[in-house]
Amino acid sequence: MSDPLHIVILTGAGISAESGIETFRSEGGLWEQYPIEQVATPEGFAADPALVHHFYNMRRAALKVVEPNAAHLALAELQTGLEARGGSLTIITQNVDDLHSQAGARGVIHMHGILTSLFCSACDHRFDWVDDVAHDMPCPACQTTGGPNKSVVRPDIVWFGEMPYEMDVIEARLRACDMFVSIGTSGAVYPAAGLVQMAGQLGKQTLELNLEKSQGSHFFDESRLGEAGTIVPKWVTEVLG
Ligand code: BV8
């Protein structure tokens with residue numbers, strides 16, 4: 001692979017696993033404890049807002065006690081190193097934790113949203129929030145609170161059946177890059193899982209760094225297996241020479 005200058009990286013739950021954040025589809029993972037339909041769909045939220053707020057309150061609280069790991073730190077270093085030589089690194093994450101930014105990465109695209117942001121479904125006001133959310137919390141902008149079993153303030157998270165954020169920016173970055181790298185994702189969720197196919201059709205180099213073979217491994221020019229905390233810093237050292 002020739003030396004890439006402009007790299008686009010897609011990360012998934014696997015890059016945060018060594019920081020102690022649960023993945024979704026592993027043994028006993030999040031989707032086994034809480035069925036997707038109940039906690040990660042607009043219908044589930046309408047049916048039981050208190051349960052959905054509990055699911056996200058738990059994960060938001062976990063952010064206060066976890067740290068970025070060597071993989072997050074290596075990507076921040078890669079971004080600085082590429083920029084120093086006139087290149088660029090775009091990090092697109094499916095994760096709703098803020099560990100890439102905590103590690104120093106800039107311009108991270110949270111295509112599935114982020115735990116530290118809420119929005120009001122009545123007036124669309126978005127605001128930062130790091131604490132628990134009560135299901136009857138009033139919107140700080142329009143003061144609407146919904147009703148006894150209706151919550152107007154919701155997590156700023158892209159649920160199943162909702163359009164991921166910044167897809168236009170993501171496509172533009174993919175077209176402009178030299179290389180597409182996927183780190184720590186099972187390749188189970190679209191449209192994120194389809195980005196490698198778009199990159200391949202555009203003639204980009206593609207690399208997968210993951211603990212095990214994923215559903216999309218066959219789309220990549222190269223797949224390296226191992227823990228992100230080990231294989232990502234190694235790969236970054238290779239790229240930065
Ligand atoms: C949409 C927020 C359309 C919630 C999430 C095409 C084909 C098939 C299905 C569809 C399709 N198009 C749309 C769909 C439906 C659906 C979908 O893809 N369903 C799947 C399940 C079949 N997609 C959607 O609904 C998307 N919306 O397409 O809208 C539209 C069009 C017009 C107008 C309106 C709408 C929305 C998808 C977003 C859903 N929200 N998250 C939350 O986080 O609470 S998705 C959820 O899965 C998480 O975001 C997570 O990030 C994501 C992917 O999971 P992974 O990150 O990969 O995690 P996972 O546990 O699966 O895997 C971890 C990997 O890490 C493993 O491979 C493991 O081996 C590895 N690993 C573990 N430890 C380590 C490691 N690797 C390295 N080191 C380690 N230490």
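## Close-up views of a predicted model

View 1. With a relative accessible area of 0%, valine 39 is buried. When neighbours within four places in sequence are left aside, the residues in contact with valine 39 are Trp31, Tyr34, Leu51, Val52, Phe55, Tyr56 and Trp159.

**View 2. Serine 217 in the loop between strands S8 and S9.** Serine 217 has its place in the loop that runs between strand S8 (205-210) and S9. Is this serine 217 buried or exposed? Its relative accessible area is 8%, and serine 217 therefore counts as buried, the limit being under 20%. The side chain of serine 217 reaches the backbone nitrogen of serine 214, at 2.7 Å. Apart from neighbours within four places in sequence, serine 217 is in contact with Glu208 and Ser223.

**View 3. The salt bridge of glutamate 83 and arginine 106.** The structure holds eight salt bridges, and in one of them the side chains of glutamate 83 and arginine 106 meet, with a distance of 3.1 Å from N to O. Glutamate 83 belongs to helix H5 (residues 70-84), whereas arginine 106 lies in the loop between helix H6 (99-102) and strand S3 (109-110), so the pair ties together parts that are 23 residues apart in sequence. Both partners fall into the partly exposed class: glutamate 83 has a relative accessible area of 36%, and arginine 106 has a relative accessibility of 40%.

**View 4. The salt bridge of glutamate 238 and arginine 224.** Glutamate 238 and arginine 224 form a salt bridge in which the closest N and O atoms are 2.9 Å apart. The pair links distant parts of the chain, with glutamate 238 in helix H9 (residues 228-240) and arginine 224 in strand S9 (residues 222-225), 14 residues apart. Glutamate 238 is partly exposed, at a relative accessible area of 45%, and arginine 224 is also counted as partly exposed, at 21% relative accessibility.

**View 5. A salt-bridge network around arginine 126.** Which residues are linked in this network of salt bridges? They are Asp124, Arg126 and Asp156. Between arginine 126 and aspartate 124, the closest N and O atoms of the salt bridge are 3.5 Å apart. Arginine 126 is partly exposed, with a relative accessibility of 37%. Aspartate 124 is found in the loop between strand S4 (113-120) and strand S5 (126-128), and its phi is near 65°, a positive value in a residue other than glycine.

View 6. Most residues other than glycine have a negative phi, and most peptide bonds are trans. Glutamine 143, in the loop between S5 and strand S6 (153-157), has a positive phi, near 65°. The peptide bond that leads from tyrosine 190 to proline 191 is cis, with omega near 0°. Proline 191 itself is found in the loop between strand S7 (179-183) and helix H8 (195-201).

**View 7. The interface of domain 1 and domain 2.** The domain assignment of the protein chain gives domain 1 as residues 6-21 + 69-112 + 164-240 and domain 2 as residues 23-65 + 117-157. The C-alpha centres of domain 1 and domain 2 lie 26 Å apart, and the contact takes 13 residues from domain 1 and nine residues from domain 2. How much area is buried between domain 1 and domain 2? The value is about 800 Å², of which carbon and sulfur atoms give 62%. On the side of domain 1, the residues that lose the most area to domain 2 are Ala13, Val96 and Tyr165, which together make up 46% of what that side buries. The residues on the side of domain 1 that touches domain 2 divide into seven nonpolar, four polar and two charged.

How values were computed: Residues are numbered from 1 along each chain as its sequence is written. This is a predicted model: local features need pLDDT of at least 70, side-chain atom pairs count only at pLDDT 80 or more; totals for chains, interfaces and linings use all residues. Side-chain values use heavy atoms; hydrogens and water are left out. A salt bridge is a side-chain nitrogen of Lys or Arg within 4 Å of a carboxyl oxygen of Asp or Glu. Helices (H or I, at least four residues) and strands (E, at least two) are DSSP runs, numbered from the N terminus. Buried means under 20% relative accessible area, exposed over 50%, partly exposed in between (1.4 Å probe, protein chains only). Domain bounds come from an automatic or database domain assignment. Contact means heavy atoms within 4.5 Å. Buried area is the accessible area (1.4 Å probe) that two parts lose on being put together, summed over both. Ala, Val, Leu, Ile, Met, Phe, Trp, Tyr, Cys and Pro count as nonpolar, Asp, Glu, Lys and Arg as charged, and the others, Gly among them, as polar. A polar contact is a pair of N or O atoms within 3.5 Å; within protein, one must be able to donate a hydrogen and the other to accept it, and residues adjacent in sequence count only if both atoms are side-chain atoms.
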